[in-house]
Amino acid sequence: MAFAKTGDAALIGRLPLTKEEDKGRMLIATNYAKKMAADMRLINPLIYEDHPNHKVNVCARKVSELYHLSNEQKGTQIIFSDIGTPKPDAFNIYDALKNNLITDFSIPANHITFIHDWTDRQKPELFRKMNSGEIRILFGSTEKAGTGLNVQKKVIAMHHLDIPWKPSELEQRNGRGARQGNILAKEAYGNKVNNYIYAVEQSLDNYKFNLLKNKQTFISQMKNCGLNVRTIDEGSIDEKSGMNFSEYIAILYGDTTLLEKSKMEKKIAVLESLKVAHHKEVIRSRFHLESMQADKESTLNTINKLTLDETAYKSQLQFDKEGAKANPVLLNDVSSADPEIIGKYLIQICATWKPGHEESDTMKIGSLYGFELFVRCQRETYDDKGMFEYHYKNMLFAEIKIIMVHNLHVNEQTINYSFFQ
């Protein structure tokens with residue numbers, strides 16, 4: 001922090017910064033902080049020594065434990081680190097951890113490999129050996145092993161020695177083991193893969209976890225279309241929401257009160273979200289109730305009119321000796337009761353009738369069951385390649401309490417029905 005503030009390179013054991021380097025002072029500070037959180041020997045292996053609680057040693061103990069527990073099934077593990085990757089003639093985390101596993105925990109060297117040692121052409125052979133258990137521990141970075149690594153058949157654990165900058169990168173890493181096709185996890189480990197993240201208290205790890213939390217919150221809102229309502233589900237460590245970064249931050253600080261505060265904030269956020277959802281549901285239900293009440297009133301009004309029409313219809317209805325309806329269609333211009341003659345007249349008038357300039361678009365043509373029958377000229381609009389055209393056609397209807405026409409469409413208080421059916 002002092003170096004970032006003053007630019008005094010002596011504070012971190014460097015030569016004085018050039019003008020160009022001073023412009024990137026914060027990048028240099030971040031890079032040093034990242035290395036310090038991973039292993040102090042990345043800063044200077046001649047000054048800083050190994051420590052039993054370094055990430056390398058803590059991880060080695062956990063990897064060895066799981067290695068021996070899964071000997072019978074030949075369980076495999078993947079170790080991720082984007083920092084301290086293999087470098088010849090220089091200290092790096094990959095070689096340091098590998099040496100610990102071999103010398104301190106008696107794990108055969110041929111059971112350990114680095115993704116960097118395999119070319120694209122050789123990777124199918126790596127996949128085969130990992131899936132068969134010939135190789136049981138794989139080291140890799142997010143770039144080289146985060147995607148396209150089909151070694152999931154026997155993976156029982158993932159280890160993250162550093163923390164990536166994006167939530168998607170952590171998901172990609174975990175997806176190398178927790179994915180379809182992991183036979184061993186399904187058969188012997190409750191269909192679960194353990195994920196271990198190694199972090200140092202009061203280090204850059206805190207900042208990176210906080211950054212992941214903020215990014216994940218925003219991304220989750222985007223995916224759930226939640227930005228418009230501005231509600232955030234802080235979630236917890238479960239199968240649906242995965243990792244809760246805010247709880248990790250509290251743990252890394254080493255203060256249990258911060259963890260309790262984080263949990264309480266989560267509960268408050270959930271309750272506030274439920275409150276907003278409740279108010280929205282109340283408004284939606286009220287609107288639905290008002291709509292249903294309006295529909296009820298309209299429907300009762302229609303039923304009353306239909307009842308009046310039914311009464312009028314039955315009062316006019318006559319039957320012949322054989323029980324068939326005896327009411328003929330009475331047309332103004334047709335004296336015959338022959339159905340064929342009546343039918344031809346109706347077809348003709350629908351095809352040829354046109355109202356004059358001074359006439360209404362509706363003309364009375366007769367009656368049936370005491371209801372007056374009409375023909376109406378109706379205009380319809382057609383879209384012909386962007387040009388609107390008007391077409392006219394005649395409609396037949398009976399005017400009663402509810403107007404009935406032949407096309408069976410319902411419009412406001414109109415119930416359509418063909419009077420000649």
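Visitor: Which exposed residues sit on the face of helix 13 turned away from its buried side?

Guide: A word on the source: this is a predicted model, where local features need pLDDT of at least 70, side-chain atom pairs count only at pLDDT 80 or more, and totals for chains, interfaces and linings use all residues. Residues are numbered from 1 along each chain as its sequence is written, and side-chain values use heavy atoms, leaving out hydrogens and water. Relative accessible area (1.4 Å probe, protein chains only) sorts residues into buried at under 20%, exposed at over 50%, and partly exposed in between. On the face of helix 13 turned away from the buried side, the exposed residues are Glu340, Lys344, Ile347, Gln348 and Ala351.

Visitor: And how wide an arc do the buried residues of helix 13 cover?

Guide: The buried ones are Ile342, Tyr345, Leu346 and Ile349. Taking the directions from the helix axis to the C-beta atoms, they lie on the same side of helix 13, because their arc is only 95°.

Visitor: How far apart are the end C-alpha atoms of helix 13?

Guide: Helices (H or I, at least four residues) and strands (E, at least two) are DSSP runs, numbered from the N terminus. The expected span is 1.5 Å times one less than the number of residues. For the 14 residues of helix 13 (residues 339–352) that gives 20 Å, and the end C-alpha atoms agree, being apart by 20 Å.

Visitor: How many aromatic pairs are there?

Guide: Rings of Phe, Tyr and Trp (its six-membered ring) pair if their centres lie within 6.5 Å; planes under 30 degrees apart are stacked, over 60 edge-to-face, and the rest tilted. By this rule, the number of aromatic pairs is five.

Visitor: What kind of pair do Tyr94 and Phe114 form?

Guide: Tyr94 belongs to helix 5 (residues 93–103) and Phe114 to strand 2 (residues 112–114), 20 residues apart. Both are buried. Their ring centres are 5.4 Å apart and their planes stand at 80°, so the pair is edge-to-face.

Visitor: Which residue in strand 3 pairs with Tyr94?

Guide: This pair is tilted, because the planes are at 40°, with centres 5.6 Å apart. Tyr94 has a relative accessible area of 1% and is buried. The partner lies in strand 3 (residues 137–140), so the pair ties together parts 45 residues apart in sequence: Tyr94 and Phe139.

Visitor: Where does the charged end of Lys98 sit?

Guide: A charge counts as over a ring when NZ of Lys or CZ of Arg is within 6 Å of the ring centre and within 35 degrees of the ring normal. Arg136 does this at Tyr67, 3.9 Å from the ring centre. For Lys98, 5.2 Å from the centre, the ring is that of Phe114.

Visitor: How many residues make up the largest nonpolar core?

Guide: A nonpolar core joins buried Ala, Val, Leu, Ile, Met, Phe, Trp, Tyr and Cys residues through side-chain atoms within 4.5 Å. Ile79, Leu97, Leu101, Ile137 and Phe139 have the most contacts inside the largest core. Helix 4 (55–69), helix 5, strand 2 and strand 3 each give two or more residues to this core.
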